[in-house]
Amino acid sequence: MADLTDLGIAAIRDGVAKGDFTATEVAGAFNAAVAEANPTLNAFIVTTPDHALAAAAKVDAARAAGQPLGPLAGVPIGMKDLFATQGVQTTAASHILEGFIPQYESTVSQKLWDAGAGMLGKLNLDQFAMGSSNETSAFGDVISPWRATGDTAARAPGGSSGGSSAAVAARIAAAATGTDTGGSIRQPAAFTGISGIKPTYGRCSRWGIVAFASSLDQAGAMAHDVTDCAIMLGAMAGFDARDSTSLDLPVPAWADQLSDNLTGLKVGIPREYRIDGLNADVARSWDDGIAWLKDAGAQVVDISLPHTKYALPTYYIIAPAEASSNLARYDGVRYGLRELPDGAGLQDMYAATRAAGFGAEVKRRILIGTYVLSAGYYDAYYTQAQKVRTLIARDFEHAFREVDVILTPTAPTSAFALGKKSDDPLEMYLNDVFSVPASLAGLPAMSVPCGLDRSGLPLGLHLIGRPFDEQGVLNAGLAIERRAGFSAKPAKWW
Amino acid sequence: MSVAPADVAKIAALARIKVTPAEVAAMVPELNGILAWVDQLGEVDVTGVEPMTAVIPNHLRLRADVVGADPLTGGGIRDKVLANAPAPEHGFFGVPKVIE
């Protein structure tokens with residue numbers, strides 16, 4: 001029998017259902033792998049082996065009693081530490097929430113437990129999901145399991161879902177939740193050779209997810225492959241009256257309808273994404289992707305998304321503006337850290353608490369957001385950005401009259417070494433140049449691994465679909481996956 | 001547009017984040033770098049374009065007007081609400097004295 005920790009969602013669920021192994025054996029194998037790897041990779045902020053074992057015991061008992069099993073029965077997953085988990089510390093990787101124990105469960109995590117999954121622990125991330133390398137966490141950097149050929153430098157697992165990507169790539173979690181505000185599922189998936197999907201805005205409830213930028217935040221799935229992503233997303237999605245932007249639509253049976261036959265499908269290649277100085281290996285992978293989709297029966301069409309270059313600056317007004325408002329709740333009164341200098345009044349307590357609790361990048365974004373929303377600057381920055389956002393969404397609307405899905409690279413490079421970009425916020429922001437436009441337009445998008453670059457590091461291809469058309473994104477992703485034949489895994493050095 | 005140290009100190013005060021003069025000095029060039037970069041949005045012609053308010057068309061629902069219809073959010077859970085408070089007192093959130 002293969003090593004249990006090499007298995008993904010479908011293989012574990014089916015193996016448990018058939019009786020090839022028990023859910024308890026699977027949970028035990030993953031718990032051991034986490035215990036061995038985590039001191040080095042730092043993917044988990046806290047581990048919850050008992051949660052994984054308890055969920056597995058329930059699945060094994062249900063199977064023994066002949067009861068129906070859920071779509072993730074027996075699958076141990078990692079939970080990004082942005083989801084409130086009842087009784088288990090939830091920090092958003094910030095000192096300001098250290099020790100916070102939610103009294104309730106987020107909708108998405110509850111749905112996953114109801115589907116039979118168990119929790120291995122809470123996964124590290126960029127603080128408040130603000131970052132592209134997992135270097136802004138108050139609980140230390142996550143180290144990618146990947147290394148460049150002949151180089152032992154620690155690589156970024158991407159961000160903000162860097163603990164999620166590292167854990168799945170290292171095979172210490174069968175799958176993981178992520179959240180994506182401007183690329184936080186897709187870029188880390190690309191950096192670590194796994195698949196990750198962000199659904200249409202509103203598919204997954206935001207209730208119980210620590211808020212960053214509410215008009216952009218969406219939960220999604222990170223897993224070995226497209227099929228596992230489809231299964232997991234199906235369990236996570238669905239209407240929730242507790243989230244005012246939740247989509248009141250049935251969840252399609254994405255996993256059952258997967259097909260890599262793209263006959264009649266039109267795939268758009270946006271010329272604006274062929275940026276000056278595009279990395280040669282990334283450009284080659286994009287050409288490979290075009291050839292694979294043609295091989296699957298699709299027709300490839302050149303398209304234009306004229307406002308692409310304005311997407312990143314638009315994002316870096318809107319996301320900080322929303323963050324500055326959302327993060328006003330961390331005041332040292334109701335939960336989290338309190339700093340009360342001697343003789344301090346209420347206002348001093350707020351300022352001291354927030355100075356001590358937030359990391360540098362979080363402060364930077366709160367200040368930018370406060371500035372662009374302040375009197376005298378609101379129209380010039382915030383209103384202008386929301387108008388440009390309308391134009392960016394309109395670009396996609398026009399393109400989707402002509403094509404069914406759009407193919408681009410996921411990120412401009414493979415994983416960089418830790419510390420390489422952390423001194424320059426703007427250079428770090430450029431990592432999301434290909435992923436941010438779809439976020440601004442609320443569109444479903446996914447990254448699938450497509451190969452290794454010349455330094456032996458994974459690259460991802462990025463598919464963007466029409467609103468509500470996760471199926472189109474998944475099917476095109478499956479077509480690439482089957483033709484790319486990506487099977488590389490990081491060599492175990494930890 | 002660009003910011004001077006006094007602007008950064010004012011923004012930080014609005015955001016209720018205590019900053020030292022050294023932190024302000026470090027933030028000025030960082031924020032100016034970001035602001036100079038986002039200034040390029042000014043060149044986009046937005047004549048007649050409405051600012052986006054909802055990324056996916058949706059209607060705002062009203063819940064049933066029933067007290068406690070959702071037991072999770074309906075109230076009557078004081079101790080849970082206070083469970084993570086740094087300084088709860090007598091069933092309330094404790095704060096430093098605000099009135100002399």
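Residues are numbered from 1 along each chain as its sequence is written, while chains are lettered from A and ligands numbered from 1 in the order in which they are written. Because the model is predicted, local features need pLDDT of at least 70 and side-chain atom pairs count only at pLDDT 80 or more, whereas totals for chains, interfaces and linings use all residues.

Chain A holds 15 helices and eleven strands, where helices (H or I, at least four residues) and strands (E, at least two) are DSSP runs numbered from the N terminus. Its radius of gyration, taken over C-alpha atoms, is 21 Å, close to the 23 Å that the globule rule gives for 494 residues, so chain A is as compact as a globular protein of that length; the rule is 2.2 Å times the number of residues to the power 0.38. The C-alpha atoms of chain A fill a box of roughly 65 × 55 × 50 Å along the principal axes, and 63% of the 494 residues are buried, a residue being buried if 20 or more other C-beta atoms, placed from the backbone, lie within 10 Å of its own, exposed if 12 or fewer, and partly exposed in between.

Eleven strands of chain A form an open sheet with mixed pairing, in the order S1-S3-S2-S4-S6-S5-S10-S11-S9-S7-S8, two strands being paired if DSSP finds at least two bridges between them. Strand S1 (44-47) and strand S8 (299-303) of chain A stand at the edges with a single partner strand each, so one side of each is left without a neighbour in the sheet.

Within this sheet, strand S9 (residues 405-409) of chain A is mostly covered, five of its five residues being buried. S9(A) runs parallel to strand S7 (residues 266-270) of chain A, to which two bridges join it, and A:Ile406 in S9(A) is the bridge partner of A:Gly268. With strand S11 (residues 458-465) of chain A, S9(A) pairs in the antiparallel sense over five bridges, and there A:Leu407 stands opposite A:Leu463.

Chain B, by comparison, comprises three helices and two strands, which run α-α-α-β-β from the N terminus on. Its radius of gyration is 23 Å, well over the 13 Å that the globule rule gives for 100 residues, so chain B is more spread out than a compact globule. The C-alpha trace of chain B spans about 50 × 45 × 25 Å along its principal axes, and buried residues make up 15% of its 100 residues.

Where the chains meet, 59 residues of chain A are in contact with 42 residues of chain B, contact meaning that the C-beta atoms of two residues, placed from the backbone, lie within 7 Å. The largest share of the side of chain A that touches chain B, eleven residues, comes from H12(A). The residues on this side of chain A divide into 34 nonpolar, 17 polar and eight charged, with Ala, Val, Leu, Ile, Met, Phe, Trp, Tyr, Cys and Pro counted as nonpolar, Asp, Glu, Lys and Arg as charged, and the others, Gly among them, as polar.
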